[in-house]
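Subject: Handing over a structure, with notes

Dear colleague,

I am passing on to you the structure shown just below, and after it I set out what was found in it. Please keep it open while you read, so that you can look up each place as it comes.

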Amino acid sequence: MADDAHQRRMLEDVRSVIAWRSSNPEQPDVRLMISELGVPTQGPDVELYAQLLEKLYSVFEHCSIDAGIWAAGHWWDQDAPDPDDYKLTIFREGVVTDDAVTQVYLAHQSTDKRLNIISLAGAEFSLPQHAEDPEQTFEKGLGNINHDYIYHSDGQYGDIWEKLAESGFSHVRYAFRLELLFDSASGEFRKEDFEYFLQAIELARKAGIKIFLDPHNYGAILVPHDDVFRLAPLGSDAFPESLYHKMLVQVGEIAHDNDDVVDMVSIMTEPVNVPTNEWSSYVQGAVDAVRAGGFTGYVKWPTASWQGITSPMRYHPDGPITVNDPLGKIAVGVHLYMDLNQSGWYSSSYA
């Protein structure tokens, strides 16, 4: 039972997406994941958010919903510029934070009914997410490893894997960018990034952590354009579906070769650069590409746009997309942020 109006809103949003999960009779067993659950771990309203979070975990347990906490990563640690500016991290100064929200996360680790997953951010940093205008250009390119983005691998704060395991986390959602791992023209691996990527998987193995590989590409890749860069949306000449599939086949191969560590592969996160009425048409081919790489675990597709908790009913009114998968291991991901506009910025107080 809700204690205030904000709790009622959030709980009703979650109940609505639970009902939506079962509304397509052709896809009745789809696994539902709150793949980003972002709650402030600092500020005056932490206790109130912790109380709301407790209620949500009761729903997650009862309805077998996986929760992906946003987030951990050394980007927000003491070496980062203005680390205190980011409210949602649960990892500061080399350790998991000690606050009311994080204590709720830690108290609700994975069970036989659902997973409690921590997102590890860093290998997707420095690149733009969304172009307000198709002609928008960006001066900065892909950046440099260890300076603009990190894989949390050998020599890149790799100790975080052990620290997350020691805190009780069994699963990590590992964020990365396709155009950093792969060349944006050929679709072949970028050698240095690939090596760091595999090192991170090995550190997860040593820590006893399972990984969900999750490309944070927002439905686009950053590509050179004359002397600057542009975001090329999926389906454009610079990011054709064939290139996307080539990249995903290789992600599937990595997952297959490391299937003792990799439990799930996501085809995309927050495909906001793809028109909402087109995103569904890309899902089946992307799932098939991951399967072509030999991976036999769960494959997750995101709902359209920013994946907000209320958006599936608007963008996918007939329920989850029917995805033909011979293994029957399909998951759908939505995101839940608890501020009033569900943006995750938490620019106003708890309401």
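Please bear in mind that this is a predicted model, in which local features need pLDDT of at least 70 and side-chain atom pairs count only at pLDDT 80 or more, while totals for chains, interfaces and linings use all residues. Residues are numbered from 1 along each chain as its sequence is written, and side-chain values use heavy atoms, with hydrogens and water left out.

The chain as a whole

The chain holds 9 helices and 12 strands; here helices (H or I, at least four residues) and strands (E, at least two) are DSSP runs, numbered from the N terminus. Along the principal axes, the C-alpha atoms fill a box of roughly 55 × 50 × 40 Å. The radius of gyration of the chain is 19 Å, which agrees with the value near 20 Å that a compact globule of 351 residues would have; this radius is taken over C-alpha atoms, and the globule rule is 2.2 Å times the number of residues to the power 0.38. Of the 351 residues, 59% count as buried, where buried means under 20% relative accessible area, exposed means over 50%, and partly exposed is in between (1.4 Å probe, protein chains only). Among the contacts in the chain with a separation of 6 or more, 77% come from residues 24 or more positions apart, a contact being heavy atoms within 4.5 Å.

Two pairs of helices

Helix α1 (residues 5-21) packs with helix α2 (residues 46-63) at an angle of about 20°, and their axes are 10 Å apart. Such axes are lines fitted to C-alpha atoms, for helices over the stretch in contact, and the angles run from 0 to 180 degrees between N-to-C directions. The two helices α1 and α2 are therefore roughly parallel to each other (angles under 35 degrees count as roughly parallel, over 145 as roughly antiparallel, 65 to 115 as roughly perpendicular and the rest as oblique). The crossing of α1 past α2 is right-handed, a term used if the near helix is turned clockwise from the far one by less than a right angle, whereas anticlockwise is left-handed. On the α1 side the contact includes Met10, Leu11 and Val14, and on the α2 side it includes Leu52, Leu56 and Phe60. The residues of this contact of α1 with α2 divide into 10 nonpolar, 3 polar and 2 charged; Ala, Val, Leu, Ile, Met, Phe, Trp, Tyr, Cys and Pro count as nonpolar, Asp, Glu, Lys and Arg as charged, and the others, Gly among them, as polar.

For helix α7 (residues 241-257) and helix α8 (residues 280-292), the axes come within 7 Å and cross at roughly 40°, and that makes α7 oblique to α8. Here too α7 passes α8 in a right-handed crossing. Among the residues that make the contact are Tyr244, Leu248 and Gly252 of α7, together with Tyr282, Ala286 and Ala289 of α8. The residues in the contact of α7 with α8 divide into 8 nonpolar, 4 polar and 1 charged.

Residues in loops

Ser184 sits in the loop between α5 (178-181) and α6 (191-207), and it counts as buried at 17% relative accessibility. If residues up to four places away in sequence are not counted, Ser184 touches several others, including Glu179, Val223 and Met247.

Pro320 has its place in the loop between α9 (312-315) and β12 (330-337), and this residue is buried, with a relative accessible area of 2%. Leaving aside neighbours within four places in sequence, the contacts of Pro320 include Trp20, Arg21 and Trp301.

Backbone details

Which two residues does a cis peptide bond join? They are Trp70 and Ala71, with omega at about 5°, and Ala71 lies in strand β2 (residues 66-72).

Asp226, in the loop between β8 (220-225) and β9 (228-233), has a phi near 55°, a positive value in a residue other than glycine. Asp226 is exposed, with a relative accessible area of 72%. Gln307, in the loop between β11 (298-302) and α9, also is not a glycine and has a positive phi of about 65°, but Gln307 counts as buried at 0% relative accessibility.
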